[in-house]
Amino acid sequence: MASNKKYWRSVEELNSDNSVVDQLMQKEFVEEIPTDAFLGDKESLSNSSTTRRDFLKYVGFSTAAASLAACQGPVLKSIPYVVKPDNIIPGVANFYASTMADGSDFANILVKVREGRPIKIEPNKMAGTWGSTSARVQASVLSLYDNNRLRGPLAHNKTTNWSALDSKVVETLNTLKSNKEKIVVLTGTTASPTSDKVIADFAKSFGNVQHVVYDALSESAALDAFETMYGLRALPNYKFENADLIVSIGADFLGDWQGGQYSAAYTKGRIPVKGKMSKHIQIESNLSLTGANADNRIPVKPSEQVFALINLYNAVTGSSFASNKTPADGAIKNIAQHLKKIGNKAVVVCGIQNAAAQILTNALNEALQSEVFDITSPRFVKAGNDTEVKNLVADMAAGKIGALLVYNANPSYSLPNAKAFNDALKNVKLSVAFTMSDDETAVNTQYVATTPHYLEAWGDTEFQSGQFGLMQPTINPLFDTRQFEESLLTWMGADKKYYQTLRDNWSTSILNGGSWNKALHDGLFNGKNTVKLSEKKVDVSASATALLKETKTADFELALYAKTALGDGKQANNPWLQELPDPITRTSWDNYMTISAADAKALGLENWNVSDGALNGSKVNLKVGSIVLNNVPAFIQPGQAKGSIGLAVGYGRTSGMQNEMMTGVNAFAMMQDFNPAQTVSIEKVAGTHEFACVQLQHTIMGRDEIIKETTLDDFINKPKDEWNKTPEFSLNHEAVAAEKVDLWEKFDDTIGHHFNLSIDLATCTGCASCVVACHAENNVPVVGKYEIRVSRDMHWLRIDRYYTSDMTNEKAKEDGIFGSGEMFNTMMIPQENPQVAFQPVMCQHCNHAPCETVCPVAATSHGRQGQNHMSYNRCIGTRYCANNCPYKVRRFNWFKYPDNKEFDFNMNNDLGKMVLNPDVVVRSRGVMEKCSMCLQKTQLSILTAKKEGRPVKDEEFQTACSSACPTGAMVFGDVNDKKSEVAHITKDDRAFHLLAEVGTKPNVMYHLKVRNTEES
Amino acid sequence: MSHYEAPIREPLINGDKSYHDISVDVAAPVEGRANKLWWIAFSIALIAFLSGIGAIIYTIGMGIGVWGLNNRINWAWDITNFVWWVGIGHAGTLISAVLLLFRQKWRMGINRSAEAMTIFAVFQAGLFPIIHMGRVWNAYYVLPLPNALGNLWVNFNSPLLWDVFAISTYLSVSLVFWYTGLLPDFAMLRDRAVKPFQKKIYSLLSFGWSGRLKDWQRFEEVSLVLAGLATPLVLSVHTIVSMDFATSVIPGWHSTIFPPYFVAGAIFSGFAMVQTLLIIMRKVSNLEAYITRVHIENMNKVILLTGGIVSVAYITEFFVGWYSGSSYEDYTYLSVGAATGPYWWAFWALITCNFIIPQSLWFKKLRTNYMWSFFISIVINIGMWFERFDIIVIDLSRGHLPSSWTMFSPTYVDVAIFIGTIGFFFVLFLLYARTFPVIAQAELKSILKSSGEKYKKLRGDNHE
C-alpha cells in the first residue's frame, strides 16, 4: 500500500505554484558545483603537478585500502525467517512430549527444541518409572545429527529415489504374493500397538507374511517362561519399591535386564526411612552395575548361578531337585531363611537366559507370594523370539523365504551366526533394510528404505499393559527418509498416511473417548489394562531337570553383557556414548575381557600403567566352540567370579560408522544359541592393548572421609558423630567444626538465591545418565580415545568409583606397617570381591574456592548465587586454578576441539553442530572450563518467573544432572528458599561436604551411603 | 685505596700480575679472534636454541596439548623449568649485592659473569610463564593496565600476579646493577680498541666514562645504593615464587616452610651454575690467575651452607608430613609414598643429588678440587631440577581424591623447549664471553695490591 504521507523541506514547497521551488526540485544540487573552475582552465590544470611523493602516497593508500577491504572476517551464515513459524520464538525453547523405543531403550521423554532443532532429551516426569532417561536415551538426540546417516533410499548400495524403490519392491512383493511365497517382517521389539497393526494389515494384504521379532539382547527365555505359565508373551513387572529383600541371580536389573527402567523403583527402598531399608543380595559372575549397588554380592560362575537358583528353590520350597554344589551354598541357606522370613516382601529375580530357569524363578516368587512380582500389568518392552529367528535363518538358507523386510534390527551384525544369515540373504528374492545408516544389514540387503530418527517420526508405544505413549516428530525430516510403517502402508496401497492410521487406531482402540490432543501433549496415556492371563500348571520339577541338563560347565565360562554406554550397539556411532566411561571399569572407547586377578595371574595376563599413567593390558584370543575372537584386550576386574570372564557386546561395528567409532570386537559372534553364558577357552597372545581409562587408582587409600558410608545398624543405633563426624580444627586450643573456622569475611549470602546441589550416595546407582545429560546441555567436546587415555577427558561431571581394599588403616596399625611403603602398595590393590561406591563429582562451587584466589586475571570468580563462575573471555590459561582444585574438576581445552579434523566428532561437521545448546558458549582453545551449575538454566528460571511476576517454584531450579537423574539422587535448588527440598535435606544427618577439612565450604553436598549389612 | 690484608690469607690474584696485565688479560677474548672451540659451542647452542623456538611456535600454533600435561597435572616441565631458571638466576645478585655489602673482596673475580648468568637465566625463566599460557596472545591481561572494560582488573590475590611483579623487578634491577658495573670496563675496552667500529660501539656502551674522580665517586655511590636495593630482592623473588605453591591447598605445596627453603635452594643452585660456568671459563678464557682455588672453595662453602639449609628443610618436610598423620600427606614429594611409589626414581634423584653428594664438600680436599667441584655443580643442577619436578609433578599426581591420580610423561616438545632455553642461555653467554669484559677489572685492580700474590709476596719479603 502506497503511503499518502508527503514530506516537505520548506513551507514554500507546499505551495505547488511556486516556480522557484519547481526549479530547485529539478536540480540535484541546489548550488552549482564549480567543476568548470577546476577543469575548464586547461592551462592551470596542466600546470598543476602531482609530485612523485603524492603519487606514491595515493598508490600506497589505495593499495592499503583495497587490501584492507579484501580482508574479510569469517562468514557466519545466519538466515532469518522469511515467515516466522507461529510457535517459534528465537531464544525460547519449546518442549514436546515424545517417546523413545528403539528396541533397546524405552522411555517417555520431553524433547527440548530450540529454533526448530531438538537439542536435549529430558525425562517426562508425568510418566513415572518409564519417564527416566538413561545415558543412552539422553545421548539419542546426537544420533539424530549423526553425519553417517543415510541421506536417502538405496537400491543395491546405490542411491535411488522412493518412487523407483517403491515400484521395484511392490512389483516383487506382488509376484511373491501370487506365487504364495513367504514374506517375513523381521523387527526389533517395537512395543507399538499401531506398528503391529500396520504389520498385521500388511500381512493381510500380502497373504503369506510372518512377523518375527528379534532382539539382539534377547529376553526370549523369560518371555517363554511367562507364556508357558500365564499364557501371554510378556514380561512380569517387578515392583521393587515394595521389596524388603531382593535376591538377584545374574539379573542386571539396573542395566538392560528385561528392558530396564527399574532403577527408580529400586532406589525408593534404598534410603533408610524409620530404620528400614531394603536388602539386596546379588549372585553374579561379572561385576555389574546392579552388583556394585548390592549390599551383599556373591561372585559365582554362570553355571553356578544355575545351580544356585535350583539350590535356592530347594531351600525355600523344601523340594529336592537335583543340582550341583556351588561355593555360594552356605550363603544360599541363609538367604533362603531370610526369604522365608520376609515372605511376600521378598523377590527373586534372575538373568539366566533359559526358560526353565525363568520358570523356576517365577515359581519361586509365587511360592513366596511376592508382592514385588507383578503379573497383572506385564511389560511388552522385549518381545524377541529366539526360536523363530533361528528357524528364519534356516528357512532363508533353504530358500523358503521370498522376501525379508528388516526393521529396527541389525541381524548381519548382532546374530551369532551373522555370516550364515548374510549368505542366506542371497537366497531371498527381496531383501529390504529399514535403517538410518548404512549398517551391516543395509550393506547386505538389496534395498535400503532409509528411516528417520525417532525424533523425526510418528509412533506409539505400550511399554506396560495399559501404559501408552506417543512419539511425535520434533523436527522436519533432515533427509529424504520415510518411516517403516509409512513404507509398508505405501506398499500395500493404503490410502492413509501413517499419522492418520495412528490417530484412527488410537481413537478406535486406545483412547476410549479420551482426548488425542491431551495424549499428544502429555506424550502418554493411561489406558485400560486389557491383559487377560490364563494361568497354567507347569511342571517345575521337569524344568529343574531340563535346566540342570542344559547347563554346561567349564574351567572358564564367558558371560556376555551389555555396557551402560553402548548397550546392543545401536548407537555405536554416537561419540558421547563412546566417550562415556563405563561406570564400573571407567574405561571408554572399548570392550575388553574382564577377568579376575587370580585367573589373570594364572594365565600370565597383566594390566599396567605406563609412564604417563595410562593403562595398558595384555591381549588374548577367545574361543567359544569353533568361534574365535582374536586380540581381545584383558582387563583385570575386581569382583569378577573366578573361572568366569566377561565381554561386552555392542562393539566391533564395521559399517555405517565413522572410523574413530569402530572400536572393540564384536562379541555377538560368541552368543551361541542366543545365550550370553558360554564355555570358553582363553589363550594369551603377544601384544599390548592401550586402554582409555579415566580412573587409574581404584581404592580410596584410607581416606575414608571422601566417600562416607555406614551400616544400617550403626545408622540406627549410634549417634551421628560415630558415622558422620564433622571434621574439626583446633582453634585457640579448642576443637571447632571445620565449617566454622574462617579466615575471611563472608558476604551475606542469605539474600537472593543461593544454590546448592545435593547428591545422595545411597541412591546414586552410577548409571551415568547425568554425565551424558551434562555433556549435551553444556556443549562439552568429545576428545577421542587417545586424549581420554592420557587423562584429558573433558567431562564436567564424572562418577568416581571406588573399591574397598583388604588393607585399611586399622589393619596396617595391627600389622605394624602403618605409614610404610608396604601399606601404601597393598592399599592400592582392590579386594577380590570388593564393595563398590559411586560418587558423582563436579565443580563443588566452593564458597571459599581455591581456584578463585589463584587466577592472576580474575577469570574465575564467585557469583552472588553461590556459583563459581568461569569467564572464558578473560581466561588466559595458566591452569593454576586446575592445579589448586582439590576435587580436580577443572577441564582445560588442550586443543581446539570444534572444527578440527583431528577431533572428527560431532563438533567438526555442520550436522553434528546442530545439537549444540545455543545458550552455552563453545569454548576455544587455551581456556579452562568446568561445571557452571547450569547457570543458563537457573538464570532462565529466574527471568521467566520475574517476567511472570511470581517467585520461582522450587522444582523449576534444575541442573542438567539433577533433572536427568533417574533415581532422584541429585537434588538442586535454592537453600535460601526455606521450603525448598534442598534446604530441607541440607539439615539431614547424612549430609557431608567432600573434603570439608580443606575449608572450601562447597555448595555441593553429599549424603552418605548406608549399607544394609544385616546378616541374612 | 688498597686496604691491608693479612699475608696468611691466600691471594685472590695469582701470578706476577700488574695493572696492565689485568687489562690485557680481560680484553684478550674481546680483542682476539674466536677459536674453533667457541664456534663449535656456539653452533650447538644455536641449534638447540632454534629447535626450542620451533617447539614454542609449534606449541602456540597447536595448543598446550602438544605437551605431556593432563587435566590432573596441569603444570610439569614448564613451571619446573621456570623455577629452576629463576633459582639459577639467584647467585649473581647475591654475589654482587650481598657480598658487596659484606665487603667480600673475592666476589670481584666472579661477580661480572655471575650477574650475566643471572640475567640470562632470568630471561629463560621469564619465557615459561608466558608460553605456558593457553592463550599467550592475551598474556598482557596479567598487567594492571587501565582499560575500558569497566572494573576489569588483575587479581592481586594471585601469587602468579606477584610473580609478574617480582620477576620483572628483579630483572630490571639486576640489569641496571650489572650495567653500572660494566661502565668503567667498557671504557677500558674503548680506550684499547683500535678498530673504529669497535671503538664507536664501546664508547656508546661506556656512556662517556672519563675516569675522573667524580665518575668514580658516583660509581661507588650508585653501586652501594643498587646493592642496597638488590639485596632484599634476592630474598623476595624466590619467596614469591615459592608462594605459587605455598599459598595453595594441595598437599605437598601447602607448606609454610617454603619461602626460606626456596631462597636457600635458589642460592644453592645459582652457585652451582656459577661454578659450572667459571670452572670452564677460567680455562677457556685463560683466567686462572683471577678465578682461583680460593674462589672455587668459597663458592663451595656457600653451596655447603645453602645445601645444608635445603637438607634441613627436606627433613622438616618429611617429618612434619609424617607427624601430621594425615593420609593426604602420604604421597607428597617428600614422603614414604613418594619414595616407594611410581616416582621413586625422581625422589631418589633429588635425595642423591641434593642431599647426599653435596656432603662431600665438608672435605677440604674435595672442595678445592676443580674436577670434583665441577662434577658436583652439575649434580646439584640436576638435583635442583628434580626438586622442582618432584614438588610439582609428584604432588599433583597424588592429589586429594585418589580417583584423579595419574602420572606425567613429557613429549618431545617439552624436551625441545627445555633444551631450547639451555641453548638460548649459552648463546647469550657465549656472545657475552666474546664481547664483554668478563671480569670486573676496574674493581679487581683495586685489590691487586692488597690481595695480589705478587704484592703479598713483596709485603711478606719486607716483613722478613
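Is helix α14(A) mostly covered or mostly uncovered, and how many of its 14 residues are buried? It is mostly covered, with twelve of the 14 buried. Keep in mind that you're looking at a predicted model.

**Helix α14 of chain A**
- The buried residues of α14(A) include a run of alanines, Ala355(A), Ala356(A) and Ala357(A), and also Gln358(A), Ile359(A) and Leu360(A).
- Further along α14(A), Asn365(A) and Leu368(A) are on the buried list too.
- Helix α14 covers residues 355-368 of chain A, and at 1.5 Å a residue it should span 20 Å; its end C-alpha atoms are 20 Å apart, so the two agree.

**Domains of chain A**
- Chain A splits into domain 1 (220-379), domain 2 (552-607 + 618-693) and domain 3 (709-727 + 752-1011).
- The C-alpha centres of domains 1 and 3 of chain A sit 34 Å apart.
- Even so, 15 residues of domain 1 of chain A are in contact with 15 residues of domain 3 of chain A.
- On the domain 1 side, α10 (263-268), α11 (289-293) and β11 (296-299) of chain A each give two or more residues.
- That side is made up of eight nonpolar, four polar and three charged residues.

**Where chain A meets chain B**
- Here 53 residues of chain A are in contact with 48 residues of chain B.
- Elements of chain A supplying at least two residues each are α30 (821-827), α31 (850-854), α32 (880-883) and β38 (891-892).

Key
Residues are numbered from 1 along each chain as its sequence is written. Chains are lettered from A and ligands numbered from 1 in the order in which they are written. This is a predicted model: local features need pLDDT of at least 70, side-chain atom pairs count only at pLDDT 80 or more; totals for chains, interfaces and linings use all residues. Domain bounds come from an automatic or database domain assignment. Two residues are in contact if their C-beta atoms, placed from the backbone, lie within 7 Å. Helices (H or I, at least four residues) and strands (E, at least two) are DSSP runs, numbered from the N terminus. Ala, Val, Leu, Ile, Met, Phe, Trp, Tyr, Cys and Pro count as nonpolar, Asp, Glu, Lys and Arg as charged, and the others, Gly among them, as polar. The expected span of a helix is 1.5 Å times one less than its number of residues. A residue is buried if 20 or more other C-beta atoms lie within 10 Å of its own, exposed if 12 or fewer, and partly exposed in between; C-beta atoms are placed from the backbone.
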